[in-house]
Amino acid sequence: MTAIQGLQIAPIQGSVSEAEWKARVDLAACYRLCDRYGMSDMIYTHITARVPDAPGQFLINPNGMLFSEITASSLLKVTVEGDILYRPDTPYGLHPAGFTIHSGIYRARPDAQAVMHTHTIAGMAVSSLKCGLLPLTQTATRFYGRIAYHDFRGPERDPAERESLARSIGGRNFCILRNHGLLTMGDSVPEAFIAMWGMERACQAQLQAMACNTELEMPSDEVVAKSCAMYDPPNSRRYGLLEWPGLLRQLDRTDPDFRS
């Protein structure tokens with residue numbers, strides 16, 4: 001049993017498939033890393049992973065646990081239609097907005113294996129700028145031209161929002177939710193996390209540059225196009241795969257109970 005703020009979370013490794021357990025460990029690690037790198041919002045955002053051997057199901061945080069508390073066994077397992085298949089013995093259930101956003105993407109994008117959504121100060125600020133994310137930095141050009149934008153119509157608690165969000169995102173893996181925050185998806189949890197890390201830093205750099213109250217040095221259209229193209233396959237490696245083992249080693253040294 002893992003004790004978290006007086007909660008006793010029973011380990012479930014022996015009762016799920018090897019593929020699901022690996023997804024749970026990666027997702028729990030992602031929650032811990034999100035908190036460690038300053039991208040959490042107490043209990044108010046969500047990171048999910050599709051269950052690899054059950055594509056109509058996904059894993060999500062219980063609504064009430066801090067990101068720094070999430071463990072592999074504490075994650076809810078739900079269907080894309082909202083049925084809760086596994087819930088640890090805690091008072092915490094499924095957050096309606098989290099379910100709406102993530103189920104909408106998994107229903108519309110069979111290729112998406114992980115989805116990450118944040119409410120960082122930088123992400124919310126850029127989401128409120130009419131210009132969106134600008135190609136001001138090398139990091140920004142990794143995302144520029146690849147970002148979908150979804151207009152804000154209030155918190156996404158209405159299941160009807162799933163279709164609207166899916167239409168806005170289309171086939172893209174990065175999205176700015178206007179007046180709300182950032183969203184990334186990927187073929188794996190590591191890919192979604194590293195994309196969010198880069199997108200977040202691009203937003204931070206843009207805001208700090210704009211706050212200097214001096215003229216911005218914007219790269220030419222030709223340079224932006226060249227830089228953006230260098231992030232296209234096969235010119236660029238798949239992000240996340242190289243970084244993830246080191247990030248797991250970091251957690252194993254300092255925060256190993258995420259694996260429980």
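How many nonpolar, polar and charged residues does the lining of the largest pocket have? By class, the lining has 7 nonpolar, 4 polar and 10 charged residues. This is a predicted model: local features need pLDDT of at least 70, side-chain atom pairs count only at pLDDT 80 or more, and totals for chains, interfaces and linings use all residues. Residues are numbered from 1 along each chain, and side-chain values use heavy atoms, without hydrogens and water.

**Largest pocket**
- The largest pocket holds about 490 Å³ of space.
- Asn173, Phe174, Glu191, Tyr231 and Pro233 are the closest to its centre, out of 21 lining residues.
- Strand E10 (181-186) and helix H6 (189-210) each supply at least two lining residues.

**Aromatic pairs**
- The structure holds 7 aromatic pairs (ring centres within 6.5 Å; planes under 30 degrees apart are stacked, over 60 edge-to-face, the rest tilted).
- Phe58 and Phe99 are stacked, because their ring centres are 6.4 Å apart and their planes are at 15 degrees.
- Phe58 lies in strand E4 (residues 57-60) and Phe99 in helix H2 (residues 96-108), so the pair ties together parts 41 residues apart in sequence.
- Both Phe58 and Phe99 are buried (under 20% relative accessible area).
- Phe193 and Trp244 pair edge-to-face, at 6.0 Å centre to centre and 65 degrees between the planes.
- This pair links helix H6 with helix H8 (residues 244-254), 51 residues apart.
- Phe193 is buried at 2% relative accessibility, and Trp244 is buried at 5%.
- Tyr37, Phe193, Trp197 and Trp244 form one aromatic cluster.

Terms used
1 Å grid on protein atoms, 1.4 Å probe; cavity = no way out; pocket = protein on both sides within 12 Å on 5 of 7 lines; lining within 4 Å. Points joined across faces, edges and corners; volume = space filled by probe spheres on them. Helix = DSSP H or I, 4+ residues; strand = E, 2+ residues; numbered from the N terminus. Nonpolar A, V, L, I, M, F, W, Y, C, P; charged D, E, K, R; others polar. Buried < 20%, exposed > 50% of the residue type's maximum accessible area, 1.4 Å probe, protein only.
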